[in-house]
Each structure stands twice: as C-alpha cells, then as structure tokens.
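Please study the sequence and the three-dimensional model shown below.

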Amino acid sequence: MKGVFDFSYRLPKRTYALLGSCAFLVILFAWYSVTSTGLIKEFFLPSPLSVGRSLIDLFAEHGFWKDCQASFYRITIGYLLAVCLAVPLGILMGSFHICEAFLEPLNNFVRYTPLPAFIPLIVLWCGIGDVNQITVIFLGVFFSLLVMVADSVSNMPKELLETAYTLGIKRKKVLLFVILPNSLPGIYDSLRVAIGWAWSSLIMAEVVGANTGIGHMIMESQRFLRTANVMAGILVVGLLGILLDYLFKAFYPLLFRWTEKSRRL
Amino acid sequence: MSFIEIRDLSKTYPVSRQKTPLVALSGIELSIEEGEFVVFLGPSGCGKSTLLRIVAGLEDATSGEAVFDGTPIRGPSKERGMVFQTYTSFPWLTVNENVGFGLKQHGMPKEPRSLIVRRYVDMVGLNGFENAYPRELSGGMKQRLAIARSLAVEPRVLLMDEPFGALDTQVRQSLQEELLAIQRETQKTILFVTHDIDEALLLGSRIVVFSALPGRVIHDEKCSRTHRQCRDYFFTDEFAAEKRKYARLLETRLLKVGLSEWSGHAPIYYAREDGFIPQGIEIALGRTSQQRIEGLSHGVFDCLGTTLQAALPLISTGEGKIVLSTCGSTGIGTDVVVAERTKVKTTADLVNVRLAFARRTLEHLIFAMVFEQHGLDFRKLCKVDQEHPQLGRHDYLRMLVDGKVDAAVLCEPAITELFTSSAGSRFHILPVEIDQSLLQQVCVVKSEAVSTKRDLIMAYLRFVLETNTLFQENANEALSLLHRRLSNVKRSASFVRTQGMPYYLFDNIEYYDLEQNMSLYLEGGVLDKLRKVAGIAWKAGVLVEPISDDVLAASIDNSFVEEMAGE
C-alpha cells in the first residue's frame with residue numbers, strides 16, 4: 001500500500017472513478033440514514049427519495065425544462081462574452097507590459113469588490129431580465145479570467161521568444177504562432193475554472209432577481225417551503241458542473257497532446 | 001572589413017540601489033572571419049554570453065558597435081541563428097514542425113520545406129523521431145533539434161550559448177563531435193560560448209579568452225585544427241599543455257609572477273617560504289628566461305622579474321610594460337667578472353683570453369658592456385660556448401676551475417663556492433665598472449594586466465621593495481640563509497665576510513639604493529639607461545632588432561611609480 005501514497009503515484013482510471021463515486025455513495029448513505037430513521041425532520045432535510053421524486057415532478061409537471069433552458073442561455077451568452085473579451089485582452093496584458101500597467105490596477109479594484117455588492121446597481125440598470133443575469137455572469141467571470149489569462153501568457157520562457165526572433169520571425173507572427181500556442185493550455189485551464197465561477201454567478205443572479213431559471217426555481221421553492229425542490233435544484237446545478245468539468249478535462253489531451261500534463265489525464 | 005567586427009564594445013547594466021552600474025563588457029575588439037569556429041572561453045558570468053547576445057541582436061551595446069557583414073547589428077535576424085543552453089524547442093510542434101518552423105513562417109511552401117527539414121533532421125540524427133513532440137525527447141535530442149532548427153533557415157553564422165552545458169558527459173561528447181562534423185560539412189561560421197576548457201580546445205579553430213567581470217578579451221589565439229578531428233587529442237601531451245595554459249588564463253584574480261632562480265631574488269624566496277606573499281599573488285620560480293617570456297605571451301604569467309635585455313623583445317612588441325626597474329636585491333645577486341689571476345690582471349687583458357658565455361645571454365651582455373666601457377674591441381672577444389646556450393653559471397664555474405676558460409661572469413652562490421674551494425686562490429674578481437642599474441632586474445607586466453590587475457601589481461611592488469629593504473637591513477642573517485638554501489656551501493655568510501672573502505669585494509660595488517632608484521625613475525633616468533643598454537645589446541648581437549626611442553618611452557608605465565611615491 002505504500003505505493004499509493006507516493007507523491008507521484010497515479011491510480012488506474014477505473015479505480016479513480018470508483019473512488020469518486022464512493023464519496024458520493026457515502027454522503028448518500030449518510031443522508032438516507034439520517035432521514036429514514038427520522039433523526040432529522042423531512043421539512044429540514046428531505047430524504048433522497050423525495051428529492052428524486054421532486055426532481056421528476058419538476059421536469060414532468062412544473063416546466064423545469066424552461067428554467068434549465070433559460071439558465072443555459074444566460075450562462076452561454078454571459079460566459080462566452082466574458083471569454084471573448086478576457087482572452088484577447090489577457091493576451092495583450094501578458095505580452096505587453098504597457099497593457100498590463102494600464103489594466104491591472106483597475107482590474108484588481110473590480111475583482112476584489114464582492115459581486116453581490118453590484119447586484120442592486122445591475123437590477124437598477126438592467127432590470128431583472130436576461131440582461132441582468134448575463135451582466136452578473138460577465139462580471140463574475142471577466143475580471144478573474146483576465147488575470148489568469150494574462151498570467152499564463154506572461155509565463156512564456158524568454159528563450160523561446162528569442163529563438164523565434166533569431167529565426168527571423170517578426171513580432172506579429174511571434175505573438176500569433178509562438179506566444180499564443182504556448183499559452184493555450186494555460187488559457188484552457190483558466191476557462192475550465194472560469195465556468196465554475198459562471199455557474200455560481202448565474203445562480204446568485206437568479207436567486208436575487210429573475211423570473212425564470214434554476215436559481216429562480218430554488219428561491220421560489222424556498223418561499224413555499226418546498227425544501228425537496230430546493231435540494232433538487234442544487235443537485236441539478238452540481239451535476240451539470242461535474243458534467244461540464246468532465247468535458248473540459250476530456251478534451252484537454254486531444255487538444256494539447258504535446259503537454260506533459262496530457263499524459264496524466 | 002571582416003565578416004563580424006566588434007569595435008570598442010562595452011556593456012553596462014544598472015544595478016538597483018547602487019550608483020555605479022555593473023560593467024559586463026569593456027572595450028571589446030574582435031574581428032571574425034567567415035568560416036571560423038570561434039570559442040568564447042571565460043569564467044561563469046564574465047559577459048561572454050552577453051557579447052553573443054549582442055551579436056545575435058538580442059541586446060544592445062552600451063557603447064561601441066557590432067558590425068555584421070558591413071552593417072551594424074540592430075536587432076535579431078535569421079542571418080544569425082542562435083542555440084541556447086536551455087531547451088528551446090517549441091513544445092507544441094513535432095520535431096519536423098520545429099525544424100520547419102522558421103521556413104514556414106517565412107512563407108516557404110510545404111514541398112521544398114519538407115526536403116530541407118528532412119536534410120537537417122538527418123544531419124543531426126533525429127531520424128525516427130520526426131513526429132515526436134519535444135517532451136518525448138532526451139536533453140541531447142532537444143539540443144540536436146535546436147541545432148537543426150537554427151540551421152534550417154540557413155543562417156550565415158550560428159551562435160551557440162553553452163549549448164551542451166546541461167548535458168551529461170557522454171551525450172556532450174557525441175554532440176561535440178557531431179557539431180564538428182556539421183561544421184566541416186556546412187563550413188558555417190560558429191561563435192560558441194563555453195566555460196569548459198576541454199570543449200573549447202576540441203571545438204575551436206580560434207579561442208578567445210575573457211576575464212572575469214568586467215569582461216575583457218585577455219587572450220585570442222588561432223589553433224591548428226589538424227589533430228582535433230577526434231577525441232584522441234585529449235590524450236596527447238600537447239592537449240595537457242594547452243589545457244594548463246588556458247586553466248591559468250582563467251584564474252584571473254591572481255597576479256602570476258615568474259621569477260628566475262637567481263640569488264638576487266633570495267629575499268622573495270624566503271618571504272614565499274614563510275608565507276609572506278600578499279594575497280592574490282602567485283610566484284613561480286625556475287624556467288629559463290625564454291620560457292618565462294613565452295609564459296608572459298601565453299598568459300601563464302602576468303608579471304616577470306627579468307633582466308632588461310631579456311625584457312626588451314617583450315617591450316618592443318608592446319606585450320609588456322616595465323613598472324619598476326628593480327625587482328630583487330642587487331646586493332647579493334650582483335654579477336661579477338671572475339678571472340684567472342695570472343692571465344687576466346686588468347680589464348684590458350680580457351681581449352684574447354677565453355671567456356665563458358653563451359650567445360644572447362646576460363653574460364654576453366655584461367661582457368659587451370665591459371668592453372664598451374673600457375674601449376675594447378668587442379669583436380676580439382673570444383667566445384667559448386656560443387653553441388651551448390643551455391649552459392648555466394655553475395657550468396662556467398666548472399670550466400673556470402678546470403682551466404677551460406680564463407674568465408666568466410658569475411653570481412651567487414657560484415662565487416662563494418669558487419672562493420671557498422681549494423682552487424679559489426687562483427682567481428680574483430675584476431674591478432669592472434658595470435653600471436648597476438643596467439643589470440637591474442626589471443619588473444615587466446603584461447600590458448593588459450597593467451589596468452586589469454592594478455591593485456595586485458601595486459601590492460606586489462610594495463612587497464618587493466619591503467623585502468629588499470628588510471634583506472639589506474639584516475644582511476648577515478639573510479646571507480647565511482641564502483647559502484643554506486641556495487648552495488651546497490656549508491659556511492655561513494658571516495664567516496665569509498670575516499675571512500675577507502668575496503663579500504668585501506661586493507662592498508666595492510655600490511648597493512643599489514631603492515630610493516635613489518625611485519627618483520631616477522621619476523626623472524626619466526631609467527629611459528636613458530634603457531636606451532643605452534638597448535644600444536649596447538643590439539651592437540653586441542644580443543638583441544636581434546634595434547629598439548626605437550618611442551618604443552622604449554612607451555614601455556614604461558610611470559603611473560605605478562608615481563602612485564608609490566605618493567604614498
């Protein structure tokens with residue numbers, strides 16, 4: 001068993017998945033035990049079975065599809081908008097010190113301001129429609145993503161740049177064909193982390209002010225004391241998160257076969 | 001106009017929280033021809049990489065300029081390819097794509113590109129790895145890839161910054177040999193930076209040695225390449241000698257002084273044995289004056305104690321500068337003419353008797369001066385051992401005793417040995433008036449060292465003057481030491497003195513006055529004497545080339561004496 005605790009020990013894929021599932025099963029079992037024995041009242045913590053039932057109910061009778069759809073729409077637009085702006089700006093920031101000098105202090109100012117503090121303003125300016133949630137997602141993703149992209153770009157080894165120059169390659173091409181490909185894995189990793197922020201921003205926005213969406217459903221259910229629905233909503237958000245993360249992870253070795261990391265995934 | 005010209009180039013870096021900037025390179029002058037394999041050799045952090053980067057166009061010179069094929073270097077270009085010490089393969093490209101990267105960016109179509117890529121992949125022996133990513137390659141293979149990639153864009157010069165520094169010995173050796181083969185095949189001009197002497201000797205057709213900061217060129221030598229085709233060269237004596245020479249050159253913060261085994265240097269020997277040599281100064285004894293002079297040229301020594309006559313060739317080529325006209329206690333090292341009592345009564349009798357000296361030696365010069373001063377015809381000098389320049393003072397002593405010659409120039413300890421032996425009574429010392437300062441040992445410093453090792457030279461000169469003063473203040477004790485250590489003679493010096501033996505004769509010749517010497521020096525008297533001795537030496541055939549006044553004047557670095565006089 002000593003091998004398992006070696007710092008560089010890698011588990012076989014199947015064991016890895018099995019262990020991950022085990023963690024879920026443990027929680028599920030504990031949850032089931034405390035609810036089925038009546039230790040905690042159904043009102044505070046519904047049993048896994050009733051949460052499952054609510055989930056089916058939500059989709060079958062309460063049009064939860066529409067909420068999911070609305071959430072998906074918002075997150076796609078908000079996230080893409082943030083990515084489309086943050087990645088090019090981040091590349092500029094990471095490549096040119098002058099850009100960094102201009103943007104970094106402002107960016108940090110916004111980044112360290114808690115997002116909920118902006119929500120009243122956003123409601124005031126954008127109402128409670130899609131624009132509201134998209135704006136919140138954008139704000140929640142953009143500023144942090146910018147820093148991460150800039151960071152992975154500026155980690156460019158100096159010698160690689162100089163090699164390119166001594167091959168007679170001009171700066172524009174160096175940016176496109178040397179700096180960019182070298183920082184893509186880092187940028188990709190940042191995107192993966194950023195999608196998590198997008199989810200939490202979305203739910204927050206929907207909880208505070210929205211007519212539709214998963215977050216809105218959660219908030220409504222809380223108001224009508226339908227705890228099982230609240231938990232079902234959280235479950236959906238969590239499951240979607242796992243799925244997205246898995247997708248990001250699965251594509252990494254296909255996209256970046258050349259990295260050391262791709263061998264471990 | 002050379003292929004690459006570096007003119008009076010300097011590079012300084014500002015140092016944070018420090019007023020004076022760091023001088024990385026100072027006054028670099030180099031001309032490099034097409035096809036040369038130039039190795040920049042120097043201790044770590046001596047600025048040699050900086051120079052390479054300036055040639056690559058990756059850094060700008062602070063002053064001076066680097067010219068490539070007639071145009072000053074402004075920024076990098078594909079004409080000047082570079083291979084770095086760190087692995088610089090583009091990790092997202094395969095071996096083939098890496099090699100073809102430059103060509104692709106320059107817009108070369110796929111077809112011709114793949115042909116060139118194939119050629120260079122073959123040349124560096126990466127066949128079979130064409131589609132591998134750099135992460136799958138070993139360190140040696142990554143460097144092969146870097147070389148192939150640089151060569152693929154057909155640069156006119158290949159700049160290599162310690163490319164094999166991170167590799168293990170075996171891989172490094174095979175890459176070195178392959179690089180030589182590539183250079184033979186492509187006839188590329190290569191500038192190669194290393195701190196490894198073996199590597200420099202194996203690869204370079206020319207080796208340029210840099211001093212520690214501020215980086216200056218301290219040695220620049222073209223090497224014959226005939227025997228450097230293979231590693232067997234490493235097992236030759238020649239290699240060992242070359243390696244020693246370069247190892248010496250790299251020990252830069254050391255003033256290496258070469259002194260003759262001459263009794264006049266006795267004070268310095270004792271100081272050395274007792275560990276009184278100032279720090280940073282290394283004194284080597286022995287070797288013939290010719291060997292020492294070559295040592296100065298090759299950088300084995302920075303400083304020599306030698307006679308004027310031996311120093312003159314160095315001075316005429318500008319390789320050496322005289323910084324002090326005495327370096328040794330003349331009181332004990334004085335040369336005297338010892339002659340057979342009956343045959344040579346006065347100096348005039350020296351004509352037509354047999355004299356022992358080898359041509360172009362100090363003895364030759366002394367006889368020349370004696371003849372000159374006494375109005376004798378030097379051509380009548382009867383030479384005995386012209387053909388044996390390797391003969392030493394002790395050989396002359398033996399020849400005198402055996403009756404093979406009638407007079408010879410001797411110094412300690414041969415003089416004592418002669419006069420304390422049974423044969424001693426047959427000889428006497430001729431009272432010739434040899435101008436003391438003409439026979440002084442001079443301290444010659446390699447011209448480059450005058451500025452780079454100024455502090456050490458000053459320390460050495462001060463040390464020499466102090467030991468000489470001490471020696472003269474304690475003459476008896478010192479002489480006894482001299483006899484115990486330099487000769488087989490068991491008698492003490494005080495005995496010699498009380499017996500009225502040679503040292504009384506020595507007293508007839510004035511002791512060299514250091515203070516007087518200093519003032520002579522300052523008033524330019526030394527230059528006159530130098531001129532005079534040079535003239536005599538030339539007339540006597542001791543010197544091959546006459547020395548011009550300009551050369552003599554330029555050879556003296558008075559600033560040292562002024563500095564010392566000022567203290």
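Of the 567 residues in chain B, 46% count as buried; a residue is buried if 20 or more other C-beta atoms, placed from the backbone, lie within 10 Å of its own, exposed if 12 or fewer do, and partly exposed in between. The model is predicted, and for that reason local features need a pLDDT of at least 70 and side-chain atom pairs count only at pLDDT 80 or more, while totals for chains, interfaces and linings use all residues. Residues are numbered from 1 along each chain as its sequence is written, and chains are lettered from A and ligands numbered from 1 in the order in which they are written.

Chain B contains 23 helices and 20 strands. These elements are DSSP runs numbered from the N terminus, with at least four residues (H or I) for a helix and at least two (E) for a strand. Among contacts in chain B between residues at least 6 apart in sequence, 75% join residues at least 24 apart; two residues are in contact if their C-beta atoms, placed from the backbone, lie within 7 Å.

Asp8(B) counts as exposed because it has 12 C-beta neighbours inside 10 Å. Gln187(B), also not a glycine, has a positive phi of about 55 degrees. Gln187(B) lies in the loop between helix H5 (169–186) and strand E8 (189–194) of chain B, and it is exposed, with 10 other C-beta atoms within 10 Å.

The next topic is the meeting of the two chains. Here 16 residues of chain A are in contact with 21 residues of chain B. Helix H7 (158–166) and helix H8 (171–208) of chain A each supply at least two residues of the side of chain A that touches chain B, and the largest share of that side, 6 residues, comes from H7(A).

Within chain A, how do helices H3 and H6 pack? Helix H3 (residues 64–95) and helix H6 (residues 130–154) of chain A pack at an angle of about 30 degrees, with their axes 7 Å apart. H3(A) is therefore roughly parallel to H6(A), since angles under 35 degrees count as roughly parallel, over 145 as roughly antiparallel, 65 to 115 as roughly perpendicular and the rest as oblique. The axes are lines fitted to C-alpha atoms over the stretch in contact, and angles run from 0 to 180 degrees between N-to-C directions.
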